[in-house]
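This report describes a protein chain and the charged side chains that pair within it. Please look at the sequence and the structure before reading on.

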Amino acid sequence: MNYKRFEVIEKQGKIERFQIIRDNETGVLYVSHAMGYGLGLTVMVDPEGKPLVDLEYQKSKIC
């Protein structure tokens, strides 16, 4: 099975690490922050508070 539901599309840092994760079914973006043994994960939102969608990915799925 080659399909990945979630994909890391951007990474920053080594000790304090941020990652942007995309849901490949919906295009919704999540941000993950890890430092030491702690980890946080949340959905990214637009200025109106709606989930942020990767528009470039969405366009590529339509074509």
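A salt bridge is a side-chain nitrogen of Lys or Arg within 4 Å of a carboxyl oxygen of Asp or Glu. The model is predicted, so local features need pLDDT of at least 70 and side-chain atom pairs count only at pLDDT 80 or more, while totals for chains, interfaces and linings use all residues. Residues are numbered from 1 along each chain as its sequence is written, and side-chain values use heavy atoms, with hydrogens and water left out.

The protein chain has 4 strands and 1 helix (DSSP runs, E of at least two residues for strands and H or I of at least four for helices, numbered from the N terminus). Their order from the N terminus is β-β-β-β-α. Of the 63 residues, 21% are buried (buried is under 20% relative accessible area, exposed over 50%, partly exposed in between, with a 1.4 Å probe and protein chains only).

The structure holds 5 salt bridges, including these:

| Pair | N to O distance |
|---|---|
| R5 and D23 | 2.7 Å |
| E7 and R22 | 3.1 Å |
| K50 and E48 | 3.5 Å |

R5 is partly exposed at 33%, whereas D23 is buried at 3%. A network of salt bridges links R5, D23 and E25.

E7 belongs to strand β1 and R22 to strand β2, so this pair ties together parts 15 residues apart in sequence. E7 is partly exposed at 32%, and R22 is buried at 9%.

In the remaining pair of the table, K50 is partly exposed at 48% and E48 is exposed at 63%.
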